[in-house]
Structures are given as structure tokens and as C-alpha cells.
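Hi,

Here is the structure I promised to pass on.

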Amino acid sequence: MELSEEALRKQLGKYKFRDLTIEELKNVNKTYPNFTFSMNTYTFKDGSQKDLLNFSGTVPVKYGNSYNIPIQLWILDSHPFAPPICFLKPTVNMGISVGKHVDAHGRIYLPYLQNWSHPKSTVIGLIKEMIAKFEEELPLYSLSSSDAARQSELLSYIAKITEGETDRKSKSKIGGGKNEGCFNKITVVGAGDLGIACVLAVAAKGAADKVVLLDLSEGAAKGGTMDLEIFALPNVEISKDFSASADSKVVVLTVNSLGNAQTYLDVIQSNVDLFRGIIPPISHYSQNTVLLVASHPVEVMTYVSWKLSAFPKSRVIGVGANLDTERFQYILTNLLKAQVLAKDAWIIGEQGEDKVPSWSSCNLANQTEAMAARNSREKMANRAMEVLKGKGQRSWSVGLSVADLTDSILKDKRKVHSVSTLAKGCCNINSEVFLSLPCILGTNGVIEMVKLEEDPLAQEKLQSSAGSIHDLQQQLKL
């Protein structure tokens, strides 16, 4: 298609950087002359609409044979400083292969989009990465004639999304009952033992109106997921589609890579690669959610989730030492009969052997009294930590801890929990690392951090953990 610059200028009248946009689209047209351009109305997730330039065409992909994959790109009015919105445009006899880079509605997610930065990023560069990713994992497949009718229904739905009728709008028309703003929905990502334990514990707690289990495993439902489907718990939905997580108040991440990595660093990098395909669509469908990370190692994966989502630090937390703290307080109260000490006691730092007991800051009358209190607490803490060492972290116990945290968030309880939070600026830590610290939790995640009593030994251990975690993070490829 030959582009008329004059016609484009008229169509792009409201575009902030019209000249830059026109120049880039001319380059696209030279490289991919089969693309057709038009102005149409796009409806965003919040229901707002804009007339945007979009272009459709096919890109060549080699996957054994050669295929022409139909795509559609919507150019935002802030282009080239914002990435395009990308969709597959399958014909009626094509099915969408949901995968790392494509959801069930054909929306395309790529690292190139996530890391978009002008002038380094271009539409030509985006299409090149799209082709490379599609050659690793073909996004479409041929349907049998019996499946074609069902596919036409899906294409009609996708057309409604891109032409103005959003999923949110249609739901509000159909439902018309409960105010969506008050609907407490939780999504649990990962259908392993931990994911299922979280679903059961959250459902039992009763704080959520709906719990979605996002099963990202390949093939049919297995094991616990199959059992959940068989016995059909009320308010629990199982899905393989990221869009099922839309408008979640909390998203719990429990997935861990089961690859054949040889070193500890390789294992973590496998998890990072897994999260690169999960966090962008999750944060897209639930833009105001709180991300609660339970994947291992929790400190690093919470940091990864924060970076990939670009959420504020308050809305990305890890389960951290919440379970250990609850156990620690229970041991002090019920086994050692030290109720007064227990209410100000916390486990902080790094999950595992490097965790540290600590205490909320309090003002004592004089130095002698303070020293005596510290000695007494240290003895109690040592005894409690010995008991705590024998307690493992089973899936169901972590699930109960997750339910406790989600309950505090959904009900805006303003309760204090020891969770993995950004520790930069605390205890002379200058790097971007997440460590467990006592925080007040509410609807929007961390409200504020609780001040701890100054303890040189605890600070030294925290700084040591921060240093080792930071060194590890520097070796990861995000």
C-alpha cells in the first residue's frame, strides 16, 4: 500500500509526535508493503476510547514450513514513546495457541514491548522480535471444520474488544448486581501443591468473593487441579487463560520452574524466564492489584516481579517471614509463656537459615532497664528459635500464611506482618533488595514499615543478606 503523507497527517491530527510517527510508518510500509492502514476506535481496559491508527498484515515465519502469520498493531497517540498494542488476527480456520507470548484473545506480549524505549525501540524491531518468538513457538494452528464455528465466535469476541466493546462493559451489562468495586477477587498463579494449598486456604478463610486458579501447565488437568474440578468448590474457578485474572485485588504467585538447570543461578534464571511470560499479562489485566509472591527464592522473585510489573513498591510483596513470625510469636506465648514479649517479636531478613529475631522499638525508663530487657528477650528468643528450627514449611502451612496475608489486604485490617518488602534505606541498605520486615498491610499493600529496635547484630545480618542477594540479582538477565 502506498502511503499518502498528506492523508496520514490529517488522520494523525491528535498525535503528539506526528512527524516521528509518520516517518516510522513510512519505514514500516517499505519493509512490509502488504500492511493496510486505517483509523478505528480502540477501547481500553478502563472503558475509555480513542481513535487510533492501526495496521494489519502478515509476517513471514519459518516453523518447519513457511507461514504467514496475520497480525494487527495499534499505534498509540503518544508513539513512539509508548509501545504499540499488538494482536494476532487469525482467520476462521485458525486457532490461537496460548503460550508465553500470546493469550487466548490473541493479545501479544513480548519483552520488546515491556522494555520499549525511544529511540532504541522501533516498530520494525518489534516485528523482527515477534517473528523470532513465533519461530520458537508458533502462535496459530489449523482448525478442523468442526472447530471453525467455535473459532468464529472467539474472533467475534476479539473484534468486540478491539472495536469498542470490552469484556468489562459486557460483564457490567449482564451482571448488573454486585458493585464491581466491592468485589474481592483473588488469583493464584500456579497449580502445583502450593498453588492448590493457597486456593483451599483462601477459600476456607472466606475473605474472597471469588478465587481463580490459573493453571499454566500444559495438557489436561492433573492431580489436585482435576480434583478441584471434580468437587467444584463454590466461588473457585480454574482457568488457563490470563484474562480470567482480570480485576483481581490480590494475585498470588506460586509458580516455580521445573527445568533441568544445573546450578543455583540457573534455577533462579529459569524462574525469571518463567516470570517474564507471566507478570506482564497479569499486571495488564489487574493494573491495581497487589502482587503477593510465594515462589522461590522469595526475596529475588519479589524483586523480579517488582521490576517486570513496574508497580509501586508498596504493591509488590513476598510472603517472606510471615509464617515464621506467627510461629515464633505462638511459641513465645503458648510454650514459653512470654505473652508480653510475643506481641513485639518478629522474624526478619532472609527466608531460611539467615532469618533473624527482632523486636519493635519501645522506650524504656533507663539504660539498666533496657539492658535487662534485652538479656531476657535474647534468652527467650534463643529458646524459641531452637523450637522453630524443627518446623518445616509445608505447602499447606505456607497456604495458610498466604490466606492470612490476603485477608489483611482485602479487609484493609492495617495488621502488621513480616513480609518481603523493598529494604533500600533501612538498616543502611543502599541496594534494591527485598527482605522481610514488619509492615502494616492494607488494601493497597504496604502502608508503612514498623520501626524496629536498634540491634547491631541484627543489622549486620540484614546487611550481609542484602549484599549476597544483590550480588545474585546482578547476575540475572531480566
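A search of the whole structure, which is a predicted model, turns up 9 aromatic pairs. For a pair, the ring centres of Phe, Tyr or Trp (its six-membered ring) must lie within 6.5 Å; planes under 30 degrees apart are called stacked, over 60 edge-to-face, and the rest tilted. One aromatic cluster is made up of Tyr32, Phe35, Phe37 and Phe55. There is also a charge over a ring: Arg315 sits over the face of Phe311, 4.4 Å from the ring centre. The rule there is NZ of Lys or CZ of Arg within 6 Å of the ring centre and within 35 degrees of the ring normal.

Some ground rules before the rest. Because the model is predicted, local features need pLDDT of at least 70 and side-chain atom pairs count only at pLDDT 80 or more, while totals for chains, interfaces and linings use all residues. Numbering runs from 1 along each chain as its sequence is written, and side-chain values use heavy atoms, with hydrogens and water left out.

Overall picture

The protein has 16 helices and 17 strands, taken as DSSP runs numbered from the N terminus (helices are H or I with at least four residues, strands are E with at least two). Of its 478 residues, 50% are buried. Buried means under 20% relative accessible area, exposed over 50%, and partly exposed in between, with a 1.4 Å probe and protein chains only. The protein exposes about 23100 Å², and carbon and sulfur atoms supply 51% of that; the areas come from the Shrake-Rupley method with a 1.4 Å probe, and for residues only the protein chains shown count as cover. If you take contacts (heavy atoms within 4.5 Å) between residues at least 6 apart in sequence, 66% of them join residues at least 24 apart.

The cores

How many residues does the largest nonpolar core have? It has 44, and Val189, Leu253, Phe275, Ile282, Val304 and Ile429 have the most contacts inside it. A core here is a set of buried Ala, Val, Leu, Ile, Met, Phe, Trp, Tyr and Cys residues joined through side-chain atoms within 4.5 Å. Several elements each supply at least two residues of this core, including strand 10 (250-253), helix 9 (264-276), strand 13 (345-349) and helix 16 (456-474). Helix 11 gives the largest share, 6 residues. A second, separate core of 42 residues includes Val28, Phe55, Val59 and Leu138.

Val188 is another one to look at. It is in strand 7 (residues 185-189), and it counts as buried because its relative accessibility is 0%. Beyond its neighbours within four places in sequence, Val188 is in contact with Gly195, Cys198, Val199, Val211, Val212, Leu213, Leu214, Val252 and Thr254. Val188 and Asp215 are 27 residues apart in sequence and 8.7 Å apart in space, C-alpha to C-alpha.

Two helices

Helix 7 (residues 193-205) has 13 residues and spans 18 Å from first C-alpha to last, close to the 18 Å expected. That expected span is 1.5 Å times one less than the number of residues. Among the buried residues of helix 7 are Leu194, Cys198 and Val202. Gly206, with a positive phi near 80°, follows helix 7.

Helix 12 (residues 322-335) has 14 residues and reaches 19 Å, close to the expected 20 Å. Its buried residues include Leu323, Phe328, Ile331 and Leu332. After helix 12 comes Lys337, again with a positive phi, near 55°.

Two peptide bonds are cis: His79 to Pro80, with omega near 10°, and His118 to Pro119, with omega near 5°. Pro80 is in the loop between strand 3 (65-75) and strand 4 (85-88), and Pro119 is in the loop between helix 3 (111-114) and helix 4 (123-136).

Asp247 has a positive phi, near 65°, without being glycine. It counts as partly exposed because its relative accessibility is 26%. Ala310, also not a glycine, has a phi near 60°, and at 66% relative accessibility it counts as exposed. Ala310 is in the loop between helix 11 and strand 12 (316-318).

Cheers
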